[in-house]
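Keep the viewer open as you read.

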Protein chains: 2
Amino acid sequence: MNNFVYYNPTRIVFGKGTIAELGKLVPTNARVLMTYGGGSIKRNGVYEQVKVALAGRTLVEFGGIQPNPLYETLMEAVAVAKQERIDFLLPVGGGSVLDGTKFIAAAARFQGGDPWQILTGASVTVALPIGAVLTLPATGSESNGFAVISRKSTQEKLAFGSEATYPQFAVLDPQTTFSLPAKQVRNGIVDAFAHVMEQYATYPANAALQDRQAEAILLTLIEEGPRTLASMNDYDARANFMWAATQALNGLIGMGVPQDWSTHMIGHEVTAFYGLDHAETLAIVMPQVLRHQRERKAAKLRQFAQRVWNIGGGDLVEAGVSRMEQFFHSIGMPTRLSDYGISAADAAKKISERFAARNVRHGEHGDLDAQAVKEILLKC
Amino acid sequence: MNNFVYYNPTRIVFGKGTIAELGKLVPTNARVLMTYGGGSIKRNGVYEQVKVALAGRTLVEFGGIQPNPLYETLMEAVAVAKQERIDFLLPVGGGSVLDGTKFIAAAARFQGGDPWQILTGASVTVALPIGAVLTLPATGSESNGFAVISRKSTQEKLAFGSEATYPQFAVLDPQTTFSLPAKQVRNGIVDAFAHVMEQYATYPANAALQDRQAEAILLTLIEEGPRTLASMNDYDARANFMWAATQALNGLIGMGVPQDWSTHMIGHEVTAFYGLDHAETLAIVMPQVLRHQRERKAAKLRQFAQRVWNIGGGDLVEAGVSRMEQFFHSIGMPTRLSDYGISAADAAKKISERFAARNVRHGEHGDLDAQAVKEILLKC
């Protein structure tokens, strides 16, 4: 097992009716900026619940944060936060709203010039405090310090992370997910599944518990995901899915083990060039990353086949990856670029050129280069 | 799934050589009280490592905290802390040193009169900050706010818990466990196993992930426990055991599910009356609690037999409990009072009388009474 530091101070307030706790969770004298997305929270009652819980507080609103939140939009929110002397941020929504609000929190306090530098390596040590209301289980953003931000003008999609941008608290009421479109639930299941795989499908590091904890989340997603999709109002299925998605990227299963985020890195570019949903890109890229790297990932992929899919023999590596693809199909998720009318050759060319230009390498061995990215995308 | 709040702000610094990080973790100008037990840290080099890491700091020492730490001793430490104007506590040792130091932290700031009230229900909202160096994996105390304290004068053993007594950080270097006597390793395995069972072996609450995460810890203890005992210097086995013991009682697996701490409650009395090690009492009491409650715990105990022990058929409930007992025996842990020359009839009488006098009831249904305790102990 490798050395590690685990730190996750987010208070999770989970269950039925928990939005009403906001009155106790948000500091009494705070000047709050409530951020949200396209307005679904106004249709499903969440907006009203938040307003009631915070009645009497100074509450400024900023709606319209997109999926794959845009730097250009977020900078407008930073201006509002400064103008209104905001000292507490309350994102209400899914991972995009949360990620975007983390950027707002960091940019509002950024002293180093152009806040875009936050995405290109500048250190973030201070940020406005954040408390989140999660309505879409998927990214784990409610309980980590990471955010992924897109820039329209340059077709870029980049990440940052800081201890300063952990939400102080996150309210998770599974009932808020009852009104989600099936497509978003499907996306959330795949996103959480991919998060686990990227911390698990590498090479053995003698981290017995982390392996078992990762498998626990995968098994839960496999069992509870279809139940979640089968009934919009199955509280326990939604609760299990919601908690599994949080646990998939709260840091725990990644402690002391190698990680391979190449699927996310390639997937971000597919979104940047072709506009696919984040999870849609992961379902396409991940199977081919695993197959391309099958020799070096063989031990863990065999374990995946045996413990997660209960496969007894044969080519365990391919059988496990195939079962994962079948699972994605079973919840309505395509796994090929052609399903979206995208040419694999076009994607391989454009995206490998971008990786070549950046000259960065990915994967648990740090050697997945532009040529490998090209080979992977040609199979997608 | 039941509603829950999960909050665990302890920073875990895990791995080889991590005691050297203390210089960065302890506030620079702190007046530190280092607490420890019988002095094993002076024989295994940990004491020296701590002193080197904190060279130049104000460091006062308080040794001699017993297993099952005594109120009488801890109050001496409170006096030292006040006299020396201590503002940071650094327990170095196992669960007893950590638990005792949490009491010191709370008692040093307690404003309500006799600090014994901390153990009898007084609210603890402030405490001296704590940073821990763990040398004995077992209790999970390094990453929770709980402590169990004994009082010699009244033969009592009582618990308290507070958010104010979470360690700010905990340093876990598995190498510090290389010199542990086999008996303490065995005790730690059983203690962690029991912690999981008390959050797991109740009744189904549709908490799919928590069940899987609990089973992940049990499977890890079953696989890594014997490896840990087989070789004193097997770093990865010790690391896996150490991390599993922390995860067993950091709150996570108990979220949203019923809990049954009756084994601990009865076990505490066995220690109070007969002086057995904490884990020794758990190994005796737990199998009989599970058998006594087999009807109401049947669904979870069948799941335990199937998922943890891979038992396919027959009386799954009894088979799972028997396999647990066999596992305890396999690591050298007795499971009967008679193994220690204690009369079950004597224990049943004394301890059930104490439960009757207190008139409190335990178990996940809140109805395990003195009569049930008597029946359980007669089988022990």
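Predicted model: local features only at pLDDT ≥ 70, side-chain atom pairs only at ≥ 80, totals over all residues.

Residues are numbered from 1 along each chain as its sequence is written, and chains are lettered from A and ligands numbered from 1 in the order in which they are written.

**One chain**

Chain A has 14 helices and 9 strands; these are DSSP runs numbered from the N terminus, with helices being H or I of at least four residues and strands E of at least two. For 380 residues, a compact globule would have a radius of gyration near 21 Å, and the 20 Å of chain A agrees with that. (That radius is taken over C-alpha atoms, and the globule rule is 2.2 Å times the number of residues to the power 0.38.) Along the principal axes, the C-alpha atoms of chain A fill a box of roughly 65 × 45 × 45 Å.

Chain A splits into domain 1 (11–176) and domain 2 (182–378), with bounds from an automatic or database domain assignment. Their centres, taken over C-alpha atoms, are 26 Å apart. Across the divide, 18 residues of domain 1 of chain A are in contact with 23 residues of domain 2 of chain A; contact means that the C-beta atoms, placed from the backbone, lie within 7 Å. Strand 2 and strand 8 (156–161) of chain A each supply at least two residues of the domain 1 side.

**A sheet that takes in both chains**

Which strands make up the open sheet? There are 7, in the order 4(A)-3(A)-5(A)-6(A)-9(A)-2(A)-1(B), with mixed pairing. Strands pair if DSSP finds at least two bridges between them. Strand 4 (58–62) of chain A and strand 1 (4–6) of chain B sit at the edges with a single partner strand each, so one side of each has no neighbour in the sheet.

| Strands joined | Bridges | Direction |
|---|---|---|
| Strand 1 of chain A and strand 2 (residues 11–14) of chain B | 3 bridges | antiparallel |
| Strand 5 (residues 88–93) of chain A and strand 6 (residues 131–134) of chain A | 2 bridges | parallel |

To find them in the viewer, look for Tyr6(A) opposite Ile12(B) in strand 2 of chain B, and for Gly93(A) opposite Leu134(A) in strand 6 of chain A.

**Where the chains meet**

In all, 32 residues of chain A are in contact with 33 residues of chain B. Strand 1 (4–6), strand 2 (11–14), helix 7 (208–230) and helix 8 (235–248) of chain A each bring at least two residues to the chain A side. Helix 7 of chain A gives the most, with 10 residues.

How do the two copies relate?

Key:
Contact = placed C-beta atoms within 7 Å.
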